[in-house]
Amino acid sequence: MKNQTCKFVSVQSKHWNFFDLKGVKRYESQSDFASEKYCRVVEIFAKLQGITLDAALEFFYCSEVYQLIRDGVSDMHCMSDAYLAEELKLEYKAKYNNTHN
């Protein structure tokens, strides 16, 4: 068997690492896709509700929508960013109206 040498290059970009191993590129962490999606959804949600990004992010991580996405229920992670932001908006309105009525 030939002694194969693996070319390993690590390039840091933003908060993730890319790896080039034998010419195959892959993410080091499987959560990179999710974190990018979360960012887009939170940004849309903040604009829809007219709230700050911090407030939107805090609500998102405490939401049922986030739990469903994180747990892979009903392929929520496959839904469009706009759909998920709208679901967050509905959840936000339901929680806000219940606490202020």
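Before we start, one term: when I say polar contact, I mean a pair of N or O atoms within 3.5 Å, where, within protein, one has to be able to donate a hydrogen and the other to accept it. And please keep in mind that this is a predicted model.

Lys37 sits in helix α1, residues 31-49. Is Lys37 buried or exposed? It comes out buried, with a relative accessible area of 7%; the cut-off for buried is under 20%. What does its side chain pair with? The side chain of Asp81 makes a polar contact with the side chain of Lys37, at 2.7 Å. If you skip the neighbours within four places in sequence, Lys37 is in contact with His77, Met79, Ser80, Asp81 and Leu84.

Okay, zooming out for a second. The chain has four helices and three strands, and along the sequence the pattern reads β-β-β-α-α-α-α. There are 101 residues, and 25% of them count as buried. If you take the contacts with a separation of 6 or more, 41% are between residues 24 or more positions apart. The chain exposes about 7,500 Å², with carbon and sulfur atoms supplying 54% of that.

Now to α3, which runs 64-71. At its N-terminal end, Ser63 is the cap: a side-chain oxygen of Ser63 is 3.0 Å from the backbone nitrogen of Tyr66. Tyr66 turns up again in the buried set of α3, together with Val65 and Ile69. Where do these three sit around the axis? They span an arc of only 95 degrees, so they are on the same side of α3.

Then look at what happens as you leave the helix. Just after α3, Gly72 has a positive phi of about 75 degrees. Carry on into the loop between α3 and α4, with α4 being 81-99, and you get to Ser74. Ser74 isn't a glycine, yet its phi is positive too, about 55 degrees. Asp75, in that loop as well, is another non-glycine with a positive phi of about 55 degrees.

How accessible are those two? Ser74 is exposed, at 57% relative accessible area. Asp75 is partly exposed, at 45%; exposed needs over 50%, so Asp75 falls into the in-between class.

That's my tour. Over to you.

Conventions. Residues numbered from 1 in each chain as written. Predicted model: local features only at pLDDT ≥ 70, side-chain atom pairs only at ≥ 80, totals over all residues. Heavy atoms only, no water. Helix = DSSP H or I, 4+ residues; strand = E, 2+ residues; numbered from the N terminus. Buried < 20%, exposed > 50% of the residue type's maximum accessible area, 1.4 Å probe, protein only. Contact = heavy atoms within 4.5 Å. Areas by Shrake-Rupley, 256 points an atom, 1.4 Å probe, with all protein chains shown as cover. Arc of directions from axis to C-beta.
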